[in-house]
Amino acid sequence: MFLFPNIFQNSVFALIGALTCLYYLIKFSWKLLLGIRIYVLSKFWRTDLTYFGEWAVVTGATNGIGKAYAHELARRGLNIVLISRSLEKLNATAKEIGRKQERRTFGPLSLWHLFLAAIQKWTTG
């Protein structure tokens with residue numbers, strides 16, 4: 001009923017099985033290496049962010065992820081430009097970063113003030 005002899009079919013199926021196992025072994029090994037690189041080696045090999053410049057701009061720096069980014073970037077040695085909507089929270093965050101991380105912060109810049117300045121510049125030519 002089969003076109004090929006039984007021995008040839010067994011070797012073909014064995015080859016397909018071996019290639020499938022090899023594929024999944026390589027796939028698992030690659031994911032394992034990526035996980036080690038991300039979760040283990042990143043603790044020891046830090047990227048020197050000052051290579052890209054002395055300053056970092058963080059928007060939404062008064063709350064949540066933006067605030068966490070501002071603190072982490074300051075901890076890694078960058079000076080921070082803080083941009084957000086509320087001026088009171090920006091002042092508090094700038095003081096907090098300056099006190100905890102001993103880094104310079106520029107601003108704080110309120111988006112409303114930046115927006116008004118941009119409109120004035122645009123309308124005056």
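Predicted model: local features only at pLDDT ≥ 70, side-chain atom pairs only at ≥ 80, totals over all residues.

Me: What makes S2 mostly covered?

Reply: Six of the six residues of S2 are buried. On one side are Asn79, Val81 and Ile83, and on the other Ile80, Leu82 and Ser84, so that both faces are covered.

Me: How do you know that strand S1 and S2 pair?

Reply: Pairing requires at least two bridges. Five bridges join S1 (residues 55-59) to S2, and therefore the two strands pair. They run parallel. Val58, for instance, has Leu82 in S2 as its bridge partner. S1 and S2 also belong, with helix H2 (residues 64-75), to a right-handed β-α-β unit.

Me: Why is the aromatic pair of Tyr23 and Tyr24 called edge-to-face?

Reply: The structure holds two aromatic pairs. In that of Tyr23 and Tyr24, the centres are 5.1 Å apart and the planes form an angle of 75°. Centres within 6.5 Å make a pair, and planes over 60 degrees apart count as edge-to-face, so this pair is edge-to-face.

Me: What makes Tyr23 partly exposed?

Reply: The relative accessibility of Tyr23 is 48%.

Me: Which residues form an edge-to-face pair with 80° between the planes?

Reply: Tyr51 and Phe52 do, at 5.2 Å centre to centre. Both Tyr51 and Phe52 are exposed.

Note on methods
Residues numbered from 1 in each chain as written. Heavy atoms only, no water. Buried < 20%, exposed > 50% of the residue type's maximum accessible area, 1.4 Å probe, protein only. Helix = DSSP H or I, 4+ residues; strand = E, 2+ residues; numbered from the N terminus. Right-handed = clockwise from strand over helix to strand, strands pointing away. Phe/Tyr/Trp six-rings, centres within 6.5 Å; stacked < 30°, edge-to-face > 60°.
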